[in-house]
Amino acid sequence: MTRRGFFRKVVIGALSGAVGIIVSIPVIRLVINARPPGRLAWSRVGDITSLPHESPVAMNFEMRSAQAYMHQLILRDVWVIRHAGGNVTVFSPICPHLGCHYKWDPATGHFECPCHGSVFTVNGKVIGGPAPRPLDTLPHKIENGALYVQWERFRVGIPQKVRI
Ligand code: FES
């Protein structure tokens, strides 16, 4: 083998290796970020130490979503009720009837859905309209005064709370 042929093989080998590394980076990132099936990620919602007691507050947060090797930040919102004892209730903002976003009405002290008129108490119980079940709560935890939630969606229009 000539010296030129040897160097040509070295350069081709090095370039092939570099291309292989570049191509495999998304796959490696996907494997590193993969969670076991069924495990939901915790998303930090924010500090709740200054929230009023027993009064629902809408809180927004960014949630990292990973599909294939695409990562994106998605804006979500939840209803948070801070209780006097230190616990909180976290409601999904999605109406269990057909999926609209409902609102808290401080004048009536109820959650009300504008789409078909479902009405819920501050505890999420249905007191009017077609909603087939109470408001859906979300798994949550509090660490150092900050609220974290596991975002999940449930099937709408049925009496059972079934995760999608
Ligand atoms: S979607 Fe809320 S009442 Fe129908």
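Buried means under 20% relative accessible area, exposed means over 50%, and partly exposed is in between, using a 1.4 Å probe and protein chains only. Pro 52, at 40% relative accessibility, therefore counts as partly exposed.

Before I go on, some ground rules. This is a predicted model, in which local features need pLDDT of at least 70 and side-chain atom pairs count only at pLDDT 80 or more, while totals for chains, interfaces and linings use all residues. Residues are numbered from 1 along each chain as its sequence is written, and side-chain values use heavy atoms, with hydrogens and water left out.

Now the overall layout. The protein chain has one helix and 10 strands. Helices (H or I, at least four residues) and strands (E, at least two) are DSSP runs, numbered from the N terminus. The order from the N terminus is α-β-β-β-β-β-β-β-β-β-β. Of the 164 residues in the chain, 31% are buried. A contact means heavy atoms within 4.5 Å. Among contacts between residues at least 6 apart in sequence, 46% join residues at least 24 apart.

Back to Pro 52. Where is Pro 52? Pro 52 lies in the loop between strand 1 (43-47) and strand 2 (57-67). Leaving aside neighbours within four places in sequence, Pro 52 is in contact with Val 57 and Arg 82. Glu 54 lies in the loop between strand 1 and strand 2. Phi of Glu 54 is near 60°, which is a positive value in a residue other than glycine. With a relative accessible area of 42%, Glu 54 is partly exposed.

A positive phi also turns up at Asn 144, near 50°, again in a residue other than glycine. Asn 144 is in the loop between strand 9 (140-143) and strand 10. Asn 144 counts as exposed because its relative accessibility is 83%.

Next, the inside. A nonpolar core is a set of buried Ala, Val, Leu, Ile, Met, Phe, Trp, Tyr and Cys residues joined through side-chain atoms within 4.5 Å. The largest one has 16 residues, and those with the most contacts inside it are Val 45, Phe 61, Val 78, Val 80, Val 90, Leu 147 and Trp 151. Strand 2, strand 3 (70-82), strand 4 (88-91) and strand 10 (146-149) are the elements that give two or more residues to this core. Strand 2 supplies the largest share, three residues. Apart from this core lies another, of 11 residues, among them Ile 81, Phe 111, Phe 120 and Ala 131.

On to charges. Side chains of opposite charge can pair when their charged atoms come close. A salt bridge is a side-chain nitrogen of Lys or Arg within 4 Å of a carboxyl oxygen of Asp or Glu. How many salt bridges does the structure hold? The structure holds three.

One joins the side chains of Arg 133 and Asp 136 at 2.9 Å, N to O, and both residues are buried. Another joins Lys 141 and Glu 143 at 3.2 Å, N to O. Lys 141 is partly exposed, at 27% relative accessible area, and Glu 143 is partly exposed too, at 37%. Glu 152 forms a salt bridge with Arg 163, with the closest N and O atoms 3.2 Å apart. Glu 152 counts as buried, at 10% relative accessibility, while Arg 163 counts as partly exposed, at 40%.

Lys 161 is in the segment after strand 10. Not counting residues up to four places away in sequence, Lys 161 touches Arg 133, Asp 136, Thr 137 and Phe 154. Lys 161 and Pro 96 are 65 residues apart in sequence, with 8.6 Å between their C-alpha atoms.

Which residues line the largest cavity? They are Ser 92, Ile 94, Cys 95, Pro 96, Arg 133, Asp 136, Arg 153, Phe 154 and Val 156. A cavity is a set of points, on a 1 Å grid over the protein atoms alone, where a 1.4 Å probe fits but cannot get out, and lining residues have an atom within 4 Å of a point.

Methods: 1 Å grid on protein atoms, 1.4 Å probe; cavity = no way out; pocket = protein on both sides within 12 Å on 5 of 7 lines; lining within 4 Å.
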